[in-house]
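Subject: Structure handover, with notes on what was found

Dear colleague,

I am passing on the structure below, and I would be grateful if you could read the notes that follow with it open beside you.

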Amino acid sequence: MSNRAQFVTRDSLAQELEEAIVSGNYAVGARLPSERQLADRYGVSRPVVREALRTLKERRLIEIYPGRGAFVRRVQSSDAVSQMQVLFRRSQVTARDLIEARSALECKAAELAAMRCAPEDAHALRAVLGKLENSADVVEQARLDLTFHFGIARAARNPVVESMLAAVAQPMVELMLRSLIDPNVASEALELHQVILD
């Protein structure tokens with residue numbers, strides 16, 4: 001075993017491979033070297049390689065197919081969303097925390113959308129508001145409310161804003177459902193949505 005093997009652990013190997021993936025040395029869909037090749041290259045045992053690959057799979061950087069190998073997977077916004085939702089649960093995020101974050105996020109998204117909105121974005125947002133105005137079902141209203149805000153985030157043309165909004169969407173739906181039960185709140189919300197669109 002080489003001197004280097006004394007310093008290569010499962011975690012350090014996973015970190016090195018992650019950096020190679022993130023930097024583009026391994027493109028999306030590319031097959032990583034085999035366990036044997038990685039073990040030889042880094043001077044470690046195959047079980048160490050296997051554990052490092054398992055770590056990368058848990059981080060959603062690769063997919064492992066038995067008999068075929070490990071392949072770099074395409075990153076999806078849902079990856080960030082699920083991680084942030086775990087963070088929210090573990091950090092015991094309150095309703096107030098969510099409302100403050102949502103307010104800051106949606107204000108910035110609306111500002112960016114006002115500068116970058118295409119005609120088709122505005123048309124889609126108007127259509128959603130029309131459906132929202134005519135809906136009497138609270139669950140449908142919450143869904144349309146969310147659709148409206150996702151439309152603004154898309155119109156902002158910033159994938160980070162869109163991912164961040166998606167991360168707070170699920171817990172926000174619960175708050176929306178509670179508030180939309182009050183007809184006065186629902187009516188006021190509709191007026192505010194129109195102001196945002198204008």
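By class, ten nonpolar, four polar and four charged residues make up the lining of the largest pocket, where Ala, Val, Leu, Ile, Met, Phe, Trp, Tyr, Cys and Pro count as nonpolar, Asp, Glu, Lys and Arg as charged, and the others, Gly among them, as polar. The volume of this largest pocket is about 510 Å³, and among its 18 lining residues Arg-102, Asp-145, Ala-189, Leu-192 and His-193 are the closest to its centre. Two or more lining residues come from each of helix H5 (95–116), helix H7 (138–155), helix H8 (159–180) and helix H9 (183–197), and H9 gives the most, with six residues.

Please keep in mind that this is a predicted model, in which local features need pLDDT of at least 70 and side-chain atom pairs count only at pLDDT 80 or more, while totals for chains, interfaces and linings use all residues. Residues are numbered from 1 along each chain as its sequence is written, and side-chain values use heavy atoms, with hydrogens and water left out.

Grid points are joined across faces, edges and corners, and a volume is the space filled by probe spheres set on the points. Helices (H or I, at least four residues) and strands (E, at least two) are DSSP runs, numbered from the N terminus.

The second largest pocket has a volume of about 290 Å³, and it is lined by 18 residues, with Glu-35, Leu-53, Ile-64, Gly-69 and Ala-70 nearest its centre. Helix H2 (35–42), helix H3 (46–58), strand S1 (62–65) and strand S2 (69–72) each supply at least two residues of this lining, the largest share being the five residues from H3. By class, the lining of the second largest pocket divides into seven nonpolar, three polar and eight charged residues.

The structure also holds one cavity of 30 Å³ or more, and about 40 Å³ of space lies in the largest cavity. That cavity is lined by Leu-105, Glu-106, Ala-109, His-149, Ile-152, Ala-153, Val-161 and Leu-165, and the elements that give two or more residues to this lining are H5, H7 and H8. The lining of the largest cavity has six nonpolar residues, one polar and one charged.

Turning to the cysteines, a search of the whole structure finds zero disulfides, a disulfide being a pair of cysteine sulfur atoms within 2.5 Å. At 53% relative accessibility Cys-107 counts as exposed, whereas Cys-117, at 32%, counts as partly exposed; here buried means under 20% relative accessible area, exposed over 50%, and partly exposed in between (1.4 Å probe, protein chains only).

Among the side chains, the charged end of Arg-68 sits over the ring of Tyr-65, 4.8 Å from its centre, where a charge sits over a ring if NZ of Lys or CZ of Arg is within 6 Å of the ring centre and within 35 degrees of the ring normal.

Two backbone angles also deserve a mention. Most residues other than glycine have a negative phi. Arg-60, in the loop between H3 and S1, has a positive phi near 65°, and this residue is partly exposed at 33% relative accessibility. Gln-92, in the loop between helix H4 (77–90) and H5, has a positive phi near 55°, and at 66% relative accessibility Gln-92 counts as exposed.

Lastly, here are two distances along the fold. Asp-11, found in helix H1 (residues 10–22), and Val-49 are 38 residues apart along the chain, with their C-alpha atoms separated by 9.8 Å. Ile-196, found in helix H9, and Ile-181 are 15 residues apart along the chain, and their C-alpha atoms are separated by 22 Å.

With kind regards

Notes. 1 Å grid on protein atoms, 1.4 Å probe; cavity = no way out; pocket = protein on both sides within 12 Å on 5 of 7 lines; lining within 4 Å.
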